[in-house]
Amino acid sequence: MPFKKVDVSETIEKKKRENPEFKKVWDDSREEYRLIGEMTALRKAEKITQSALAEMTGSRQQVISRIEKKENSPSLRCFCNILSALGYELKIVKRKNI
């Protein structure tokens, strides 16, 4: 049996249009992934290895790896701890478009 070609982007967009709850969960996860991506970029820009970051935060390298691969979502405390070790902090600011 041949494989069926699926347009994943279109499938997701269709599901978002049809299901408001799915849309909210999907959109919320995109923001989380974006923040984790920024954290990973900061680590790399600072030339800090996952092992060194783990040592700085009291975690294991595997924990950092799983967060960066988006296999595990860090708690807010863990995320802020990682940012602090990198020399950054998390701030909350009001969006301009609201």
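User: How many salt bridges does the count come to here?

Analyst: Eleven salt bridges, by the rule used. Keep in mind that this is a predicted model.

User: What makes K24 and D28 a salt bridge?

Analyst: Their closest N and O atoms are 2.8 Å apart. The cut-off is within 4 Å, for a side-chain nitrogen of Lys or Arg and a carboxyl oxygen of Asp or Glu, so K24–D28 qualifies. The two are four residues apart in helix 2, about one helical turn.

User: Why is K16 called buried?

Analyst: Its relative accessibility is 15%, and buried means under 20%, so K16 counts as buried. E13, with 36%, is partly exposed.

User: Why is K24 called exposed, but D28 partly exposed?

Analyst: Exposed means over 50%. K24 has 52%, so it's exposed. D28 has 43%, so it falls in between and counts as partly exposed.

User: Why is the F22 and W26 pair called stacked?

Analyst: The ring centres are 6.1 Å apart, with the planes at 20°. Pairing needs centres within 6.5 Å, and stacked needs planes under 30 degrees apart, so the pair is stacked. The count comes to one aromatic pair.

User: How do you know that the charged end of R30 sits over the ring of W26?

Analyst: The charged end of R30 is 3.9 Å from the ring centre, against a limit of 6 Å, and a charge over a ring must also be within 35 degrees of the ring normal. K15 does likewise over the ring of F22, at 5.5 Å from its centre.

User: What makes F79 buried?

Analyst: F79 comes out at 9% relative accessibility, and the limit is under 20%, so F79 counts as buried. F79 touches L35, I36, M39, P74 and L90, leaving aside residues up to four places away in sequence.

User: How do you know that the buried residues of helix 5 line one face?

Analyst: Those residues are F79, I82, L83 and L86. Seen down the helix axis they fall within an arc of 95°, so they line one face of helix 5. They pack against helix 2 (20–45), helix 3 (50–57) and helix 4 (61–68).

Terms used:
Residues are numbered from 1 along each chain as its sequence is written. This is a predicted model: local features need pLDDT of at least 70, side-chain atom pairs count only at pLDDT 80 or more; totals for chains, interfaces and linings use all residues. Side-chain values use heavy atoms; hydrogens and water are left out. Buried means under 20% relative accessible area, exposed over 50%, partly exposed in between (1.4 Å probe, protein chains only). The arc is that of the directions from the helix axis to the C-beta atoms. Contact means heavy atoms within 4.5 Å. Rings of Phe, Tyr and Trp (its six-membered ring) pair if their centres lie within 6.5 Å; planes under 30 degrees apart count as stacked, over 60 as edge-to-face and the rest as tilted.
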